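Please look at the sequence and the structure before reading on.

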Amino acid sequence: MALVGTIMDDVAAILKHAGVLDAAGADKLRTAARTAPLDEVIRQAAPEAAALRALAEHFGVPYLEAVDGAVAKPFLAQFPVRILLKFHLLPLREEGGVLVVATGDLFDTAGLDELRLAAAREVRPVLCPRGEIDRCTKRLLGVGADTLQSLAGEAEVNVIENGHADEDLDLTVAAQDASIIRFVNQVLAEALELRATDVHVEPFENQLRVRYRIDGVLQEANIPPEVRRYHAAIVSRLKILSHLDIAEKRLPQDGRIRVKMAGREIDLRVSVIPMIHGEAVVLRILDRGDTLLGLEHLGMAPRDRARFERILELPHGIVLVTGPTGSGKTTTLYAALSRINTVQRKIITIEDPVEYQLRGINQIQVATKAGLTFATGLRSILRHDPDVVLVGEIRDGETAQIAVQASLTGHLVFSTLHTNDAPSASTRLIDMGVEPYLVASSLELVLAQRLVRLICPECKEVAPSVPGTPGALQAQYGAVVPEVVYHGRGCRACMGTGYRGRQGVFEMMPVTEDIRTLILGRAAAGQMRRVAQQQGMKGLWEDGWRLVREGRTTIEEVVNNTMDEQHALGEEARP
């Protein structure tokens, strides 16, 4: 006990002398280390990298800030994954029969002792931050590597006991195996950590591929190749969680899972579809703990935001948000409802699905099998004396007709429509069978939008010069090209993509008297666009260039996300 106390005193003195801890911090470390592991206490008491650097210098132990490229995957595969992950160890190389191992725990030698026995050779520690070790280990071995190793061990025991591989294993039993449960949880935890909105589990002949959709782009997860053997059990686990029929493998199934991870309530929409090599699963992640953004955080230009806020104060009319799937329409509408949600207004929504629960707002989930559609639900909503109604999507003529009638009878109606731009919304409603005079009378504003990725703030830099830049870019894109263009170099924070997070670009078309006249005359969308632009409407292309000039996104993002507008309108889309 006296020896432990001496070590604590020595460590506290070392960190204090190095300027890592002050006197009060050193005293706290001494006190806390009496009841907790010393290495853990050091991590909590001081910045880990600074503390390890000071200890390494004092004790003559090498220190590594990063271990990228320091170890090869085949070399790492020689050692038990369970020991590496449990004790946060990373074997780096072998020198003269001695194994050099990165560790963040200088005083807890239990892990090094286990690795010494398993590897049958002496080990020499190198200090490195634990987070860096874990990140490198996960990158090399893949998510769930320890779980799959234990599964493989269980499978070997099964073969020894039964004399053959149990290919007809009861999937209900397999899906409840602790290792399968842990693997599914590890995949979901990594998806949340990476800010993924979707998880794709896709079986192929010799591979099970897992991909995450991050900032609108699919990125492949690093998982061990052995996971293909456990595909059926993994799918069955997800089916059990979402209350689906695990015996049904011929038909698509849809379900929902509600889980709590790291103190956050998460809703998962589950879609299972049979493919030629097994069932594929897509999980849509809806984080109920996420704070919904207000209008000020959507990224609208000040002029557009002021227009939008004026429209929200109208007593009746229709406000439409248009764009493809995944363009942020629901987020915009929720932000609008949050702005006008007061005790004086009754707001009712009917959605498919209800993605986020809004305090103080009555929300209805569409249930088509039970006969509750947008149209039938909207009729019932109007008998509940609402002031504001949100219809998740106008999909058919019946819903469109009822929405128009609701707006004409004194309700403010919000909804979404799948059109590429704002001027096309009125023609789509007319195509659905709504009379032009009703559209002209009820429609107040159409907002088209897209989402563009933002440059990662951790690795943002001036884009490398290109011959002829900015002259070549200005010749191609016009005078909107700024003198300095930025991009993301790629770093750990953005997983090497150069982007982190997304923001909307908007095309806002208030329905003025001139626009109403064009709607009554069944004018083409192109003609409506020209009039709207004369009255100050900025297209998606133009609004995207606003973000380029602000140094928030790249030219490539704007071009890729407004490509449909450019193709449809040619040079008219350009300023």
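Helices (H or I, at least four residues) and strands (E, at least two) are DSSP runs, numbered from the N terminus, and two strands pair if DSSP finds at least two bridges between them. This is a predicted model, in which local features need pLDDT of at least 70 and side-chain atom pairs count only at pLDDT 80 or more, while totals for chains, interfaces and linings use all residues. Residues are numbered from 1 along each chain as its sequence is written, and side-chain values use heavy atoms, leaving out hydrogens and water.

The protein chain contains 24 helices and 18 strands. Of its 575 residues, 49% count as buried (under 20% relative accessible area, with exposed over 50% and partly exposed in between, using a 1.4 Å probe and protein chains only).

An open sheet is formed by six strands in the order 6-5-4-9-8-7, with antiparallel pairing. Its edge strands, each pairing on one side only, are strand 6 and strand 7. From one strand to the next the twist averages 25 degrees; angles run from 0 to 180 degrees between N-to-C directions, and axes are lines fitted to C-alpha atoms, for helices over the stretch in contact. Strand 8 and strand 9 pair in the antiparallel sense over 10 bridges, and P274 stands opposite E279 in strand 9.

Helix 12 packs on this sheet, touching strands 4, 5, 7, 8 and 9, and its direction makes about 45 degrees with that of strand 9. Contact here means heavy atoms within 4.5 Å.

The axes of helix 13 (residues 302-312) and helix 14 (residues 329-340) come within 10 Å and cross at roughly 60 degrees. Helix 13 is therefore oblique to helix 14 (angles under 35 degrees count as roughly parallel, over 145 as roughly antiparallel, 65 to 115 as roughly perpendicular and the rest as oblique). The residues that make the contact are listed below.

| Helix | Residues in the contact |
|---|---|
| Helix 13 | R305, F308, E309, L312 |
| Helix 14 | T332, A336, R339, I340 |

**One residue of the contact**

A336 lies in helix 14. Is A336 buried or exposed? A336 is buried, with a relative accessible area of 0%. Not counting residues up to four places away in sequence, A336 touches L295, F308, L312 and F414. A336 and L295 are 41 residues apart in sequence, and their C-alpha atoms are 6.7 Å apart in space.
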